[in-house]
Amino acid sequence: SRKFDFFYFNKVFNGVFKNLTIIDYYIILYSDRSIKSIDIVELIIIRMCLFEILYSHKCSFFDILKSSFILSKMYGSNNGYLFISYVLKSFYLSCYY
C-alpha cells in the first residue's frame, strides 16, 4: 500500500482554500469554460495542481502533470485528463516560458 502524506495533503487543501480566488482566476484565464461548467473532480484536480505550481515548489511540473493524469483517469470523466492537461500546460507555458 502507498503511504499517505497527510501533512502534505493538508497543506495543499488549506492552500487551495486560502488562495481560491487567484487559483480560480487562472483557471478562468487559461480555460475555455466557466468554473461552474467544469466537472467537480476535474476542477479539484486543477486547483490542487495550480496550487502546487504556484506555491508549493515541492514537485516538478512534469510530476504534477503526471499526478493530474493519474487522478483524472482514476476519478474523472473519460476525457477529463485532456482538459486538465490543457489548462495546466497553458498556464505553465505562459508563466514560465
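Colleague: How many residues does helix α4 have, and what does it reach from its first C-alpha to its last?
Modeller: This is a predicted model, in which local features need pLDDT of at least 70, side-chain atom pairs count only at pLDDT 80 or more, and totals for chains, interfaces and linings use all residues. Residues are numbered from 1 along each chain as its sequence is written, and side-chain values use heavy atoms, with hydrogens and water left out. Helices are DSSP runs (H or I, at least four residues), numbered from the N terminus. The expected span is 1.5 Å times one less than the number of residues; α4 (residues 61–75) is close to the expected 21 Å, having 15 residues and reaching 21 Å.

Colleague: Within what arc do the buried residues of α4 fall?
Modeller: Buried means under 20% relative accessible area and exposed over 50% (1.4 Å probe, protein chains only). In α4, the buried residues are Phe61, Ile64, Leu65, Ser68 and Ser72. Seen down the helix axis, they line one face, because their arc, taken from the directions from the axis to the C-beta atoms, is within 95°.

Colleague: Which residues are exposed on the other side of α4?
Modeller: The buried residues of α4 have a cover that includes α3 (40–56) and α5 (80–96). On the other side of α4, the exposed residues are Phe62 and Met74.

Colleague: Which helix supplies the largest share of the lining of the second largest pocket?
Modeller: Both α1 (6–18) and α3 supply at least two lining residues each. The largest share, four residues, comes from α1.

Technical notes:
Contact means heavy atoms within 4.5 Å.
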